[in-house]
Amino acid sequence: MHNREIAVVVSNANKDVTVMDTIEAIQKAGFKNVFIQWYNREWNPTQEEQLQQIRKSGLNVIFAHLGYQNINDLWLADEEGSDGEGGEKLVKRYKNDIKISKENNIPMVIMHLTGKKEPRKYNEIGLRRLQEIADYGKALNMKIAFENTIWKGYLEYVLENITNDNVGICFDSGHYHVHFDDELDFEKFRDRIFAIHLHDNDKSDDLHLLPFEGTIDWKKIITELKLCNYDGPVTMELCYRNKYLEMSLNDFYKKGYETGVKLREMFEGQSEN
């Protein structure tokens, strides 16, 4: 009996298909669990309609990945923010997203700490805002997992200073490989890895390839995750685009599910590949 579930993102970045096609293909491939992108963008179908369809398809939502528009404003005094009230606006937006997730029985949210452009160095302004968000989540019994993205040091700073038991990290294998050069002090995050995003690349870019199709050392990553006591789903952040368009959407997610099974076997110690 396998205790570890296999999950995948419902990606709005898939090419030449609708998100409803994506949901159907995910369900057909055998997935029972997904995560949703809750980015507050003008998508059609909307994120609310996507959630409705996901639930209608019998899929379980393990977490909501929140948006990261203007996220670097988090570390700025408000008068310096991109729209004059950036940081405090972000706090309100994230608290509202957490509230909506709670109302929809989604137990956890994933957040970025920085954007693609280099942010202001981590500081007490941003920390105070994040503590407010973390405390709000705790009051609602919601987990919050901060993701390793591009810039080093932010995750460590936040996790060292915010000790709420509802706060942890989301480990992203692709960012770890291409942006962090496979360097992360996993020991610092023991028992605090709440979620994972598994995907591959060849270090040229954040390609979101199927695991085993890039240059990531999967044995090392899975060993580290197990040492940190990560016991959640095998969660993949896959995208149907580029070379994958040569196969059908259904075949892509079928292959994705098979890859998830292989990763699960590695977690369970049944495979050394």
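A: Start with the term. A cavity is a set of grid points where a 1.4 Å probe fits but cannot get out, whereas a pocket is an open set. Keep in mind that this model is predicted.

Q: How many cavities of 30 Å³ or more does the structure hold?
A: Rolling a probe the size of a water molecule over the atoms shows where empty space is left. Here there is 1 cavity of 30 Å³ or more. The largest cavity has a volume of about 50 Å³.

Q: Which residues line the largest cavity?
A: Its lining includes Leu113, Thr114, Trp151 and Phe180. Glu147, Asn148, Thr149, Tyr154 and Leu155 also line the largest cavity. By class, that lining has 5 nonpolar, 3 polar and 1 charged.

Q: What is the volume of the largest pocket, and what lines it?
A: The largest pocket holds about 640 Å³ of space. Its lining has 27 residues, and Tyr68, Lys116, His175, Asp206 and His208 lie nearest the centre. The classes are 8 nonpolar, 11 polar and 8 charged.

Q: What about the second largest pocket?
A: Its volume is about 310 Å³. The lining has 18 residues, with Met108, Lys143, Phe194, Gly232 and Pro233 nearest the centre. Of the lining residues, 11 are nonpolar, 3 polar and 4 charged.

Q: Which strand gives the most to that lining?
A: Strands S3 (60–66) and S7 (193–197) each supply at least two residues of the lining of the second largest pocket. S7 gives the most, with 4 residues.

Definitions and conventions. Residues are numbered from 1 along each chain as its sequence is written. This is a predicted model: local features need pLDDT of at least 70, side-chain atom pairs count only at pLDDT 80 or more; totals for chains, interfaces and linings use all residues. Side-chain values use heavy atoms; hydrogens and water are left out. On a 1 Å grid over the protein atoms alone, a cavity is a set of points where a 1.4 Å probe fits but cannot get out, and a pocket is an open set with protein on both sides within 12 Å along at least five of seven lines; lining residues have an atom within 4 Å of a point. Grid points are joined across faces, edges and corners, and a volume is the space filled by probe spheres set on the points. Ala, Val, Leu, Ile, Met, Phe, Trp, Tyr, Cys and Pro count as nonpolar, Asp, Glu, Lys and Arg as charged, and the others, Gly among them, as polar.
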